[in-house]
Amino acid sequence: MEFTTSATPLRRVQAHLSAFQQAMLSLYWFATSAHWAAILSILLPIQAEQIGGAAFKGRTLGLILAAGAAVSMVVAPVFGALSDRTPTRWGRRHPWLVVGTLLNCLGLIWLAAIPATRAAILLYILAFMWIELTNNLATAPYSALIPDVVPPEQRGSASGWMGLMTMLGSFAGTAIGFVVGSIGVAASYWLIAAVMLLGMLGTVLTIREPAVTRRPPPFRWRALAAGLVEPFRSRNFAWVFWTRFLVVMGTFTVQQFLQYYMADVVGAPFRFFGATLTGDPAAATAFFLLMLLIGAIASALVAGALSDRYGRKPLVYLSGALQAAVVAVFVFYGSFELAIILGLVFGLGYGAYQSVDWALATDVLPSLDDYAKDMGVWHIAITLPQVIATPIAGVLLDLFSQVGQRVGQPTLGYSVIFGLATLYFVLGTVLVRNVRGVR
């Protein structure tokens with residue numbers, strides 16, 4: 001990504017890509033999506049409870065995730081900008097992708113080897129920070145491959161492949177929840193490492209980077225800092241950024257605690273209209289997330305096209321309202337059947353929001369000359385909430401759960417954090433009306 005405001009566009013020769021090449025170009029999105037879905041939704045909550053204990057699982061989870069997300073937020077724009085300035089005989093992105101993936105896999109093996117004891121929390125936090133660092137070492141430069149490689153007339157189909165591979169990868173990562181009880185946490189990390197290696201090799205060995213005939217200016221820290229602040233001079237960009245920030249706050253207030261919710265509120269065995277599906281909270285969470293992803297895939301494929309016809313705002317209002325309504329229901333009800341059905345409904349809202357809000361962001365970019373830089377800044381609206389939302393929710397969950405135990409409402413902590421998430425979703429949806437000049 002280019003972060004200097006004075007840079008001239010790079011000249012590239014971009015060949016037409018076959019469907020197979022487009023699939024291989026996005027294969028690494030499959031791998032890294034599976035990586036994060038498995039860790040954030042399944043493995044991290046398991047280990048956080050083992051390390052912190054039942055009484056401190058929320059705060060332990062929040063502390064670990066915040067430390068890692070802080071690393072991601074800081075290093076992603078730096079690695080992207082540095083990759084622009086490191087031409088090699090293998091290309092500018094491929095070396096970063098290879099090295100970052102190999103180091104990421106070492107971090108996964110490190111996580112697999114750490115004992116799940118309270119004394120190991122510092123080691124676990126350091127390992128998770130290493131995972132965030134090295135994953136961004138690969139994915140920040142990799143994110144520039146689509147504009148590097150794909151000609152403008154194929155950008156739409158390439159984005160479609162990226163979305164499809166991302167959702168399929170999330171499917172695969174979530175499915176770890178069905179087997180972690182039998183193969184164990186350590187083996188799950190080894191499995192994720194294998195997926196990462198295969199995804200990296202598939203992309204690197206089949207996609208050639210085009211020759212660059214003009215080099216960007218030298219990397220300057222002052223220019224990078226100025227470039228990060230500049231987009232907020234646009235009122236519309238600022239509103240899109242902060243509304244996205246609020247919605248992601250809601251997502252991470254709920255997502256990270258779903259496994260605990262299944263165990264503490266819904267309770268095993270997990271039956272779906274009389275049929276027992278599982279007795280494992282991790283597997284129950286996987287069922288919910290799979291339903292969510294089914295809904296997300298269905299809505300993401302059509303929401304973007306509908307927003308082109310009817311406008312972005314109506315689709316954002318509808319998708320945000322669906323997400324808020326589902327979380328609000330969870331404040332009052334703890335039925336597994338209802339959770340599975342509402343997972344599909346939430347997914348419909350989630351997929352539509354992801355698709356349409358991205359289009360809304362591109363509509364209000366302050367400068368087409370700094371498109372990549374501005375989108376990189378907008379991406380902070382996704383990473384910054386991870387630093388804030390989960391620690392806040394973790395503390396509230398633990399504190400109000402203890403209060404609830406004393407007053408005969410053991411699930412009070414979940415009611416509080418799900419109510420907070422509902423507020424985030426409502427504000428993030430309603431405030432989109434402040435974006436001007438966009439339907």
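Biologist: How many bridges join strand E1 to strand E2, and do they run parallel or antiparallel?

Modeller: Two strands pair if DSSP finds at least two bridges between them. In this model, E1 (residues 270-272) and E2 (residues 275-278) are joined by 3 bridges and run antiparallel. Before we go on, this is a predicted model, so local features need pLDDT of at least 70 and side-chain atom pairs count only at pLDDT 80 or more, while totals for chains, interfaces and linings use all residues. Residues are numbered from 1 along each chain as its sequence is written, and side-chain values use heavy atoms, with hydrogens and water left out.

Biologist: Which residue in E2 does arginine 271 stand opposite?

Modeller: That's threonine 276. The two strands make a hairpin with 2 residues between them, and phenylalanine 273 in the turn has a positive phi of about 50 degrees.

Biologist: Okay, next feature: how many salt bridges does a search of the whole structure find?

Modeller: Side chains of opposite charge can pair when their charged atoms come close. To count as a salt bridge, a side-chain nitrogen of Lys or Arg must be within 4 Å of a carboxyl oxygen of Asp or Glu. The search turns up 3 of them. Lysine 57 meets glutamate 49 at 4.0 Å, N to O, and also aspartate 264 at 2.5 Å, N to O.

Biologist: Is lysine 57 buried or exposed?

Modeller: Buried means under 20% relative accessible area, exposed means over 50%, and partly exposed is in between (1.4 Å probe, protein chains only). Lysine 57 has 5%, so it is buried.

Biologist: What does aspartate 398 form a salt bridge with?

Modeller: Arginine 59, with the closest N and O atoms 3.0 Å apart. Aspartate 398 sits in helix H16 (residues 371-407) and arginine 59 in helix H3, so this pair ties together parts 339 residues apart in sequence. Aspartate 398 is buried at 3%, whereas arginine 59 is partly exposed at 27%.

Biologist: Which residues do shared partners join into one network?

Modeller: Glu49, Lys57 and Asp264.

Notes. Helix = DSSP H or I, 4+ residues; strand = E, 2+ residues; numbered from the N terminus.
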